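Please look at the sequence and the 3D view before reading on.

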Amino acid sequence: QNNNNNLSRKDTDTVAATNTPKEEEKEKWWFDVNLNYNNNDYNEWRPNNDNQRYACPGEPDIDFKRRMHMLYQWLSDREERTIAVVCHWGVIHRMLDGADFQN
């Protein structure tokens with residue numbers, strides 16, 4: 001029986017997955033205002049003059065650029081020739097130097 005849900009042994013040999021980073025590695029991959037800023041040093045950059053409320057503080061562009069640089073370095077250090085990156089739109093937008101794209 002041959003259907004799309006079955007992978008041959010050959011196909012699965014080339015599939016690798018990385019787990020969610022360990023707790024001590026999260027500071028590399030997730031922005032956390034408590035790790036990056038003292039209480040008085042962080043200013044919310046998103047609109048907030050009409051009582052907007054956000055689930056978490058917005059990541060300043062400089063911090064996002066730093067994390068993207070670390071991601072690029074991590075990707076370039078990998079041995080694999082093909083890597084699937086599962087991420088938000090902003091990461092792909094940054095990887096494409098701000099170029100527009102469609103889903």
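## Salt bridges

Five salt bridges are present in the structure, where a salt bridge is a side-chain nitrogen of Lys or Arg within 4 Å of a carboxyl oxygen of Asp or Glu. The model is predicted: local features need pLDDT of at least 70, side-chain atom pairs count only at pLDDT 80 or more, and totals for chains, interfaces and linings use all residues. Residues are numbered from 1 along each chain as its sequence is written, and side-chain values use heavy atoms, with hydrogens and water left out.

One of the salt bridges joins E44 and R46, whose closest N and O atoms are 2.7 Å apart. E44 is partly exposed because its relative accessibility is 23%, while R46 is buried because its relative accessible area is 18%. Buried here means under 20% relative accessible area, exposed means over 50%, and partly exposed is in between (1.4 Å probe, protein chains only).

D61 pairs with K65 in another salt bridge, with 3.3 Å between the closest N and O atoms. The two residues are four apart in helix α4, so about one helical turn separates D61 and K65. D61 is partly exposed at a relative accessible area of 40%, and K65 is also partly exposed, at 44% relative accessibility. D61, K65 and R94 are linked in a network of salt bridges. Side chains of opposite charge can pair when their charged atoms come close.

Where is E59 found? E59 sits in the loop between α3 (33-36) and α4. E59 counts as buried because its relative accessibility is 18%. R67 forms a salt bridge with E59, the closest N and O atoms being 2.7 Å apart, and R67 is buried as well, at 14% relative accessibility.

The side chains of E59 and R67 also make a polar contact at 2.7 Å. A polar contact is a pair of N or O atoms within 3.5 Å; within protein, one must be able to donate a hydrogen and the other to accept it, and residues adjacent in sequence count only if both atoms are side-chain atoms. With neighbours within four places in sequence left aside, E59 is in contact (heavy atoms within 4.5 Å) with F31, W45, F64 and R67.

## The nonpolar core

Which residues make up the largest nonpolar core? This core has five residues: F64, M68, L71, L75 and V91. Helix α4 (residues 61-77) supplies the largest share, four residues. A nonpolar core is a set of buried Ala, Val, Leu, Ile, Met, Phe, Trp, Tyr and Cys residues joined through side-chain atoms within 4.5 Å.

V91 is in contact with F64, M68 and L71, leaving aside its neighbours within four places in sequence. In soluble globular proteins, nonpolar side chains tend to be buried together.

F101 lies in the segment after α5 (89-95). F101 is partly exposed, with a relative accessible area of 27%. Not counting residues up to four places away in sequence, F101 touches W89, I92, H93 and L96. F101 and W89 are twelve residues apart along the chain, and their C-alpha atoms are separated by 9.7 Å.

## Overall make-up

The protein has five helices and zero strands, in the order α-α-α-α-α along the sequence. Helices (H or I, at least four residues) and strands (E, at least two) are DSSP runs, numbered from the N terminus.

Of the 103 residues in the protein, 15% are buried. Among contacts between residues at least 6 apart in sequence, 43% join residues at least 24 apart. The protein exposes about 9500 Å², of which carbon and sulfur atoms supply 46%; accessible areas come from the Shrake-Rupley method with a 1.4 Å probe, and for residues only the protein chains shown count as cover.

## Confidence

The mean pLDDT of the protein is 75, and 72% of its residues reach 70 or more; pLDDT is the predictor's confidence in each residue, from 0 to 100. Confidence is lowest in helix α1 (residues 9-13), at a mean of 47, and highest in α4, at 87.

Over residues 1-13 the pLDDT is below 50, and this stretch has two contacts in the model beyond near neighbours in sequence. Where pLDDT is low, the predicted coordinates should not be read in detail.
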